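The sequence and coordinates are shown first.

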Amino acid sequence: MAASTQLLLFFLHSLLLLLQRSHSKTFNTINPSLPLHDGDVLLSENKNFAFGFFSPGNSTRRFIGIWYHKVSEQTVFWVANRDRPINDTSGVLSINSHGHLVLSCCSNGSSPLWSTTMSTKNSGNATTSAQLQDTGNFILLEKNSNRVLWQSFDYLTDTMMPFMKLGLDRRTGMDRFLTSWKSKDDPAPGNFSYRINPMGFPQLFLYKSGVVPHWRAGPWTGLRWSGVPQMINPYIFNVSFVNDQEEVSILYGLRNESIISRMVLDPSGLIQRSTWHDKGGRWTQFWAAPMEQCDYYGDCGPNSNCNPYNTDQFACTCLPGFEPRSPADWFLRDGSGGCVRSPGASTCQSGEGFIKLARVKVPDTSQAQADMSMSLKECERECLKNCSCTAYTTADESRGGFGCLAWYDDLLDIRTFADVGQDLYIRVDAAVLARLTEKKGSHRKWSMGAIISAGVIVVLLLSIFLFIMKKRRGRRRLSAASSAAYFHDDESQSVQDLKDSGKSDLPFFDLSTIAAATNNFSFINKLGQGGFGSVYKGVLDNGKEIAVKRLSKSSGQGIEEFKTEVTLIARLQHRNLVKILGCCIQGEEKMLIYEYLPNKSLDSFLF
């Protein structure tokens with residue numbers, strides 16, 4: 001019975017709205033003699049945006065707001081009376097005798113549900129009018145001077161539109177930020193907010209319950225937010241970031257104004273960027289945060305790094321010179337307690353130095369200090385002189401990098417990215433510095449030896465190739481595929497044959513990728529050797545650890561036998577067998593790439 005009554009009320013409400021729309025009017029201006037009633041619509045000049053009364057989702061309550069006029073799915077991006085809805089269709093938006101916009105209802109003389117607060121005073125109570133601009137900005141104008149007295153772009157709701165500003169006006173104290181809806185049916189302020197925190201070195205935060213950090217985009221690096229590597233390719237946006245004595249803000253402009261794009265903070269606390277596709281009649285998301293466990297603020301606690309690419313290991317890793325605060329919790333994969341400096345470490349005028357942590361989102365900068373006049377080398381010297389300085393980096397990555405950003409306390413909310421990130425320099429004691437520097441120097445020495453050896457081999461192979469070419473002059477020309485085999489092109493004929501045969505679905509790796517992963521097949525990376533050749537440990541660019549079986553040229557195995565081995569192993573995938581990830585065939589090089597087994601060397605399985 002209750003369900004039937006609710007259905008009847010919804011039907012009557014819809015019918016009433018339909019009757020209203022049949023008598024509705026379309027405006028381009030609201031003035032003291034022309035108010036906006038429920039059912040009327042105010043349109044922007046380009047007719048891209050509409051302003052009026054609406055009911056969100058399955059709600060029957062009425063709100064006044066702005067939406068896309070040409071988008072088939074009604075998409076509201078600004079709401080005036082978020083937490084003071086109207087229960088019927090008696091709402092009226094008008095301009096009162098003081099020139100203010102006032103929302104009232106119910107014809108009972110009650111106080112307004114919503115009204116404008118002017119940041120600029122109306123000169124002598126001059127006549128005002130309201131318009132909807134082609135950007136979607138709803139403005140209140142002083143009619144004689146055309147001064148903007150109030151604008152909706154100063155009072156964001158859950159959506160950031162192109163040409164809106166997000167940030168703090170330091171002169172007036174006006175803070176422009178996003179607040180999620182409570183639900184898709186209720187635009188009242190929800191549990192999440194998205195704003196720039198001006199403390200220390202300003203950064204962008206997503207907060208839960210107003211004050212609890214949920215996700216951190218980090219500080220502006222001159223090219224992007226530190227925690228948003230995707231911004232390195234701006235795609236459809238022109239980005240303007242300002243941080244001076246007057247304001248700290250960011251504004252996104254569209255490169256192509258025919259594109260319809262928005263950024264929304266949804267009720268679940270997800271920031272989403274999307275574009276409208278007319279053909280599909282839907283919004284298509286192209287970026288969102290937080291998405292991974294390492295995105296959540298402080299997931300690994302202080303003085304640690306979260307690396308989501310450690311697929312076979314715990315994502316949390318203590319920074320160099322630190323160890324888990326609670327080894328028991330760490331063992332149980334709970335990194336929230338973070339890490340502390342190792343006992344006995346001395347990092348004050350005792351031969352200490354810095355170790356680079358590459359491709360990261362830099363730590364929380366709320367307490368960090370910046371000096372934009374310094375170079376990175378000067379930054380290192382200043383940090384080294386101050387025993388309280390725990391880390392430093394370049395403050396601005398643009399124009400080759402400049403400025404000094406330094407931390408003097410715990411380092412919180414660091415994470416690794418696969419391709420794009422900042423280099424962070426961590427203060428370590430002399431013992432850690434020596435150990436890690438020696439290891440790095442050893443790798444460099446072996447790498448240099450491998451490079452020299454490779455250079456000699458290349459010259460030798462080139463000489464042999466030229467000799468063969470001279471001998472075969474007058475015979476058929478070598479095919480492009482043969483040339484590729486000699487010069488190690490990305491797609492050798494052997495690889496193409498294997499692909500065309502349809503016998504293997506395994507990925508094919510470039511020789512350059514495998515060489516980089518194994519430090520040019522360094523002796524240090526060598527796990528073992530058998531009659532077929534050698535096995536090396538490597539790490540791919542995404543952090544994945546691999547074991548590489550490199551077939552010896554003297555093994556006697558030809559390309560056909562190798563193809564057969566690849567096909568057979570690919571078909572014999574089993575949980576008790578070492579997993580094969582792919583292969584590499586370039587010139588005379590033939591390699592199989594397996595997953596690396598951290599608890600036992602791969603040679604014990606292969607030999």
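Is Cys316 buried or exposed? Cys316 has a relative accessible area of 5% and is therefore buried, since buried means under 20%. The model under discussion is predicted, and the values below are computed from it.

## Disulfides

Cys316 takes part in a disulfide with Cys300, at an S to S distance of 1.9 Å. The torsion about this S-S bond is -80 degrees, and the link of Cys300 and Cys316 is left-handed.

In the whole structure, six disulfides are found. Among them is the bond between Cys294 and Cys306, with 2.0 Å from S to S. This pair connects distant parts of the chain: Cys294 sits in the loop between β24 (282–289) and β25 (304–306), Cys306 sits in strand β25, and the two are twelve residues apart. The link of Cys294 and Cys306 is left-handed, with -75 degrees about the S-S bond. Both Cys294 and Cys306 are buried.

Strand β26 also holds Cys318, which is linked to Cys339 in strand β28 (residues 339–341), 21 residues away. The sulfur atoms of Cys318 and Cys339 lie 2.0 Å apart and form a disulfide. The torsion about their S-S bond is about -85 degrees, so this disulfide is left-handed. Cys318 is buried, as is Cys339.

| Pair | S to S distance | Torsion about the S-S bond |
|---|---|---|
| Cys294 and Cys306 | 2.0 Å | -75 degrees |
| Cys300 and Cys316 | 1.9 Å | -80 degrees |
| Cys318 and Cys339 | 2.0 Å | about -85 degrees |

Cys583 counts as buried, at 0% relative accessibility. Cys584 likewise counts as buried, at 0% relative accessibility.

## The sheet containing β38

Strand β38 spans residues 580–586 and is an edge strand, as is β35 (526–530); each of the two pairs on one side only. They belong to an open sheet of five strands, in the order β35-β36-β37-β39-β38, with antiparallel pairing. From one strand to the next, the twist averages 20 degrees. Six bridges join β38 to β39 (residues 589–595), and these two strands run antiparallel. Within this pairing, Ile585 has Lys590 of β39 as its bridge partner. In general, the strands of a sheet pair through backbone hydrogen bonds, in either a parallel or an antiparallel manner.

## Salt bridges

How many salt bridges does a search of the whole structure find? The search finds 20 salt bridges. One of them joins the side chains of Asp38 and Arg62, with an N to O distance of 2.7 Å. This pair links distant parts of the chain, 24 residues apart: Asp38 lies in the loop between β2 (36–37) and β3 (41–43), and Arg62 in the loop between β4 (49–54) and β5 (63–68). Asp38 is buried, with a relative accessible area of 7%, and Arg62 is buried, with a relative accessible area of 2%.

A second example is the salt bridge between Lys184 and Asp185, at 3.6 Å from N to O. Here Lys184 is exposed, with a relative accessible area of 57%, while Asp185 counts as partly exposed at 22% relative accessibility.

Asp423 and Lys356 also meet in a salt bridge, with 3.9 Å from N to O. Asp423 is in strand β34 (residues 422–428) and Lys356 in strand β29 (residues 353–361), so this contact ties together parts that are 67 residues apart in sequence. Asp423 counts as partly exposed, at 28% relative accessibility, and Lys356 counts as partly exposed, at 44%.

Terms used
Residues are numbered from 1 along each chain as its sequence is written. This is a predicted model: local features need pLDDT of at least 70, side-chain atom pairs count only at pLDDT 80 or more; totals for chains, interfaces and linings use all residues. Side-chain values use heavy atoms; hydrogens and water are left out. Two strands pair if DSSP finds at least two bridges between them. Helices (H or I, at least four residues) and strands (E, at least two) are DSSP runs, numbered from the N terminus. Axes are lines fitted to C-alpha atoms, for helices over the stretch in contact, and angles run from 0 to 180 degrees between N-to-C directions. A disulfide is a pair of cysteine sulfur atoms within 2.5 Å. Buried means under 20% relative accessible area, exposed over 50%, partly exposed in between (1.4 Å probe, protein chains only). A salt bridge is a side-chain nitrogen of Lys or Arg within 4 Å of a carboxyl oxygen of Asp or Glu.
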